[in-house]
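Subject: Handing over a structure

Hi there,

Here is the structure I promised to pass on to you. Have it open while you read, and my notes on what I found follow just below.

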Amino acid sequence: MQDLEGKVAFITGGGSGVALGQAKVFAEEARMKVVIADIRRDHLDEAMGYFSRKGLPVHPIYLDITDRDAYARAADEAERVLGPVQLLCNTAGVSQFGPVESATYDDWDWQLDVNLKGMINGVQTFMPRMIQRGAGGHIVNTASMSAFVALPNTAIYCTTKYAVRGLSESLRVELEKYRIGVSVLCPGGVNTNIHESVLSRPDRYGRTGYYGADPEVFKRLKSVIESGFDPVDLARIVLAAVRRNDFWILPYPEFVPTLEQYNAKVIAALRQYESDPDYERRKKLGRPMPGAQ
Ligand SMILES: NC(=O)c1ccc[n+]([C@@H]2O[C@H](COP(=O)([O-])OP(=O)(O)OC[C@H]3O[C@@H](n4cnc5c(N)ncnc54)[C@H](O)[C@@H]3O)[C@@H](O)[C@H]2O)c1
């Protein structure tokens, strides 16, 4: 999407962090109209203090992205107040880390519901509206470098982010025909409030095998991300990628060696079977699987 001025962006998690950075850059620098949707009213209020002072066309909506009916109502409200949504930023996400063997079903459900199913709800809500209008659009999904690298204590988060990568790659190949671009943003570290994610964990996910609102844990988690990107600087990179219709937004070259090793291991695992008789048989048939060459 080249010409963003005056168009409408809908940004989930827009009250804080990565998403708030996106709201600032899309409203101030791309001169878009922006909806920020968030489950934390205090985050929305604080963000609106900033946008109101600057007189920017930003509209806050209280939304739990796991609630499908509420999501449809939020989309209606966004369109009524600002106009048709052409840029969807599925940015809201949560994290809670710990050993996989300590996880409860509620631990799994919360992160899967927000990070993956909440994103699917965004796609299911806005994709048909974009297709029906026939004016194209763009979707930016926020994954993580945890969409590529499985570290100890990150199993649930990592599962959601690998899935977000798969979802994004699939949307990219399927939505091109509607002139809807898709990008996936994979941050390494960003200086946000994600260390305090558990504060937005609803009571219905009551049983946890992990930590709660523990200031010591928050301090430790913050120390990992505070040297990361500033959300506004990261959002400028996202803006440029949307304008160029880039799929990958990976501004963390420090991960190159890790990914080179990962890819080399996958290729080696495939090559190991080059002399397998069934491979020979399939080659002779001359009918490669879709995606294979
Ligand atoms: N901060 C990092 O280092 C980092 C690294 C990689 C990926 N990410 C990803 O960036 C995205 C944004 O996270 P952040 O770091 O800005 O965290 P953040 O906590 O600062 O912001 C996330 C926002 O999402 C909101 N939110 C949580 N659950 C919600 C729900 N059910 N419905 C609506 N809003 C909800 C929160 O209230 C919060 O305002 C996430 O997807 C996260 O996984 C962050």
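Let me begin with Arg 179, which is partly exposed, having 15 other C-beta atoms within 10 Å. For burial, C-beta atoms are placed from the backbone: a residue is buried if 20 or more others lie within 10 Å of its own, exposed if 12 or fewer, and partly exposed in between. Please keep in mind that this is a predicted model, in which local features need pLDDT of at least 70 and side-chain atom pairs count only at pLDDT 80 or more, while totals for chains, interfaces and linings use all residues. Residue numbers start from 1 along each chain as its sequence is written.

Arg 179 sits in the loop between helix H5 (155-175) and strand S6 (180-185). Helices (H or I, at least four residues) and strands (E, at least two) are DSSP runs, numbered from the N terminus. The phi of Arg 179 is positive, about 60°, although this residue is not a glycine. Asn 245 also has a positive phi, of about 55°, and is not a glycine either. You will find Asn 245 in the loop between helix H7 (231-244) and S7. With 15 C-beta neighbours inside 10 Å, Asn 245 counts as partly exposed.

Seven strands make up an open sheet with parallel pairing, in the order S3-S2-S1-S4-S5-S6-S7. Which strands stand at the edges? They are S3 (58-62) and S7 (248-249); each has a single partner strand, so one side of each is left without a neighbour in the sheet. Two strands pair here if DSSP finds at least two bridges between them.

Strand S2 (residues 33-38) is joined to S3 by five bridges, and the two run parallel. In that pairing, Val 35 stands opposite His 59 of S3. S1 and S2 are parallel as well, with five bridges joining them. Ala 9 has Val 34 of S2 as its bridge partner, and Phe 10 has Val 35.

Is S1 enclosed or open to the outside? Five of the five residues of S1 are buried, so the rest of the structure largely encloses this strand. Val 8, Phe 10 and Thr 12 point one way from S1, while Ala 9 and Ile 11 point the other way. S2 is mostly covered too, with six of its six residues buried.

**Helices**

Helix H3 (residues 68-81) lies across strand S1 (8-12), S2, S3 and strand S4 (85-90), running at about 160° to S3. Axes are lines fitted to C-alpha atoms (for helices over the stretch in contact), and angles run from 0 to 180 degrees between N-to-C directions.

H3 also packs against H4, at an angle of about 40° and with the axes 10 Å apart. That makes H3 oblique to H4; under 35 degrees counts as roughly parallel, over 145 as roughly antiparallel, 65 to 115 as roughly perpendicular, and the rest as oblique. Arg 68, Tyr 71, Ala 72 and Ala 75 of H3 make the contact with Asn 121, Thr 125, Phe 126 and Arg 129 of H4. Contact means C-beta atoms, placed from the backbone, within 7 Å.

Helix H4 (residues 105-133) packs with H5 at about 15°, with their axes 9 Å apart. H4 and H5 are therefore roughly parallel to each other. The residues making this contact include Trp 108, Leu 112, Leu 116 and Met 119 of H4 and Ile 156, Tyr 157, Val 164 and Leu 167 of H5.

**Two loop residues**

Gly 55 belongs to the loop between helix H2 (41-54) and S3. Gly 55 is exposed, with 7 other C-beta atoms within 10 Å. Its C-alpha atom is 36 Å from that of Leu 112, which is 57 residues apart from Gly 55 along the chain.

Tyr 205 lies in the loop between S6 and helix H6 (215-225). Is Tyr 205 buried or exposed? With 20 C-beta neighbours inside 10 Å, Tyr 205 counts as buried. Leaving out residues up to four places away in sequence, Tyr 205 touches Asp 106, Asp 109 and Trp 110. The C-alpha atoms of Tyr 205 and Gly 122 are separated by 21 Å, and the two residues are 83 residues apart along the chain.

Best wishes

Terms used
Two residues are in contact if their C-beta atoms, placed from the backbone, lie within 7 Å.
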